[in-house]
Amino acid sequence: MITLDSPIETVLGDTKKTEKVIAGLGLRTVGDLLHHFPRRYLNTANLSAVPQLHEGEMLTVLGEVVSSRVATYRDRRTGRPAYRVETVLQTDGPRLSMTFFAKRQHIAEWNARRLAPGTRGVFLGKAGSFRGQWQLTNPQMVLFGDPAEAETSEDAVTIEALTALFPIYPLTAGVLSWDLQRAVRFAREVVTGIEDPIPADLRERYGVVDLRTAFDWIHQPEDIEQVRAAQRRFRFGEALNLQLVLGRRRRALAAQGAQARTGGGDLLARFDAALPFALTAGQRQVGEEIEHDLAQPHPMNRLLQGEVGSGKTLVALRAMLRVVDSGGQAALLAPTEVLAQQHFRSITAMLGELGGGGLLGGGTTVELLTGSMTKAQRKEPLTRIAIGESGIVIGTHALLTDQVIFDDLGLVVVDEQHRFGVEQRAALTDKAGTPPHVLVMTATPIPRTVAMTVFGDLEVSTLTELPAGRAPIQTNLVPLAERPGWLDRVWERLREEVGKGHQAYVVAPRISGDDAEQGESDALDLDEDGNLVKAQPGQLTSVVDLAQQLSEGPLSGLRVAVLHGRLAPEEKDRAMRAFAAGEVDVLVSTTVIEVGVDVANATAMVIVDADRFGVSQLHQLRGRVGRGGLPGLCLLVSHAEPGTPARERLEAVAATTDGFKLSRVDLEQRREGDVLGASQSGYRSSLENLRVLRDEETILQARAAATALLDDDVDLHQAPALARAVAEIERSAAAEYMEKS
């Protein structure tokens, strides 16, 4: 009996091709094979539309032969006559030439007959050009026609399975689309015992087809409506599993005990009274939500999101003071040392006398702990943390080491969540005697379906208004592909800003040579089939080289400094302090200034090779200017060609400063696995089909269905197959990621 759990060899046989399917595509069971869905479909009634061609890209097209002729030439190696068939293929776009070589005349003539004008088929090969003519090199094909006349029995099977739509599968080297098509067809014929995890009444209520029908329709559809119905079934199933995992997680968190932090001291009241400005309505509302959560006997798990500069740090500090007022401690975990130091400076400045420790009128001690501190430097802070003298502790991953012991850790604030891995957040949470309250801050705005899908175990608070004093930022694209001369004007514009007494940032993607910041990677662009679009060739700009060029060239005479992650901690701190004090005119930096850096006099930013950064990163970076009530200017310098995904990304950033709009653009361009954490999860099929923007309605329905199921029975006894599927995700690394991120 062959089931979904049977090894893939039971339907593919034990061959070299099977080894390639297992190694290259990660398909190990029959279920894996049936869940390997076509990435698109060719309409067998129409010629394929072929967009702009690129040398070396793989093409799969439905085409029609318009000419075929046999040509004779002399084989240089043997000196004997040899033959080639020169064929021209018509698509709904450029014509493609194909050449087939043969040593014997009768083979060449047979090839010419089977590729006679008017013959249609699916052709796969690499795009190339020769003497100004596009060609398909090393073509593989399946020709349409009578199965009885097919070249091989495999081709006959493929032709017999033909419907109006021809499936094109994601491939690996040595495996063709029709190899997978034939394997899937055989698997569907022989597999038994397919149990649908979604109960029949739920399928009926939400209008989704059963699992076996969905497999048939996704792999061999009669029409596009069957494809859509099958896709909806798999997307709904995936969303339902995910919402059940997150819903169970929320219930488990609510059942955990935590110490309610209801205040008692007067630190927060004194801090509020000393503020030189009024809180925005949003800051007050979010503060009340957090205060309510902190007062509960179960742990707060809240996501605080807001635009760059919306005052998240102030909201977080008020939450920390509330916990200190309650006799506990609060830890703020920052992703980089630069940001930890920035938080330490801004929080101690905001607290003023209240940050001077318990001796100065009942304040609290603010502690900074980073990885670069020596053992001797850490000794006293560690003691103060352990005895509870330090109420607020700010640090990097150094807070996670075994030597850091808290007296009573009541609140963990995680800044820029996406920079932390699973284990780090869990390690800090483990340092508390009872589960601490958790506040996650992100300046990358998140559409509600993403918040529901990725952060489904967190309540979400959003700060939408900017505090008074934030000026608008003008963003312009500098397209060097068409306007190389505009670069000179960029540096002139920077000099003008400095001439007005202001300061500027210049951001580059590399430190020196081709060395990137640790943990950073270039933005990747994909075409509609999910293939990587090659980036513009050439060396990327580095901070070290650019700073020297600017100092000796267009910015000579100005005070230029560098900042990047490979500098010693004291050098980084010195550079930031000098810039903040106005002793540096232009700071040439990597993305270490992306978040949290706050210099009111900085009004201009130039981002070089801007196409190498993602949408949210560009939005974060430009948020460093215009912070002191002065209008900000951001120039995006790029060689990206018009019409490319990279260029579209830059045009979107230049068109709006609305982070919520940009977050949708970002999601539409990025691979979904990156958004949902699937790439870190190791669980292959947990988040394969869902797209959080496209499938917004499906996710909402799945959340409603999951809530109803869990309200009836949190252990899902009435749906055993669904319970097993959810348990599998909970056991997998994917659940670990979702729980702890």
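**Reading aromatic pairs and a charged patch**

Phe37, Phe215 and Phe234 form one aromatic cluster in this predicted model.

Visitor: How is a pair of aromatic rings described?

Guide: Such a pair is described by the distance between the ring centres together with the angle between the ring planes. The structure holds five aromatic pairs.

Visitor: Which parts of the chain does the pair of Phe37 and Phe234 tie together?

Guide: Phe37 lies in the loop between helix H3 (30-34) and strand E1 (40-43), whereas Phe234 belongs to helix H9 (residues 224-255), so the pair ties together parts that are 197 residues apart in sequence. Both Phe37 and Phe234 are buried.

Visitor: How do Phe215 and Phe234 pair?

Guide: Phe215 and Phe234 form a tilted pair, with 5.5 Å from centre to centre and 40 degrees between the planes. This pair links distant parts of the chain, with Phe215 in helix H8 (residues 211-219) and Phe234 in helix H9, 19 residues apart. Phe215 and Phe234 are both buried.

Visitor: Turning to charge, which residues gather in a patch of positive charge on the surface?

Guide: The patch brings together Arg77, Arg80, Lys103 and Arg104. Among them, Arg77 is placed in the loop between strand E2 (58-74) and strand E3 (81-90).

Visitor: Is Arg77 buried or exposed?

Guide: Arg77 counts as exposed because its relative accessibility is 70%, the cut-off for exposed being over 50%.

Note on methods: Residues numbered from 1 in each chain as written. Predicted model: local features only at pLDDT ≥ 70, side-chain atom pairs only at ≥ 80, totals over all residues. Heavy atoms only, no water. Patch = residues over 30% accessible without salt bridge, like charges linked within 9 Å, V, L, I, M, F, W, Y side chains within 5 Å. Areas by Shrake-Rupley, 256 points an atom, 1.4 Å probe, with all protein chains shown as cover. Salt bridge = Lys/Arg side-chain N within 4 Å of Asp/Glu carboxyl O. Lys, Arg positive; Asp, Glu negative; His and termini not counted. Charge placed at Lys NZ, Arg CZ, Asp CG, Glu CD. Helix = DSSP H or I, 4+ residues; strand = E, 2+ residues; numbered from the N terminus. Buried < 20%, exposed > 50% of the residue type's maximum accessible area, 1.4 Å probe, protein only. Phe/Tyr/Trp six-rings, centres within 6.5 Å; stacked < 30°, edge-to-face > 60°.
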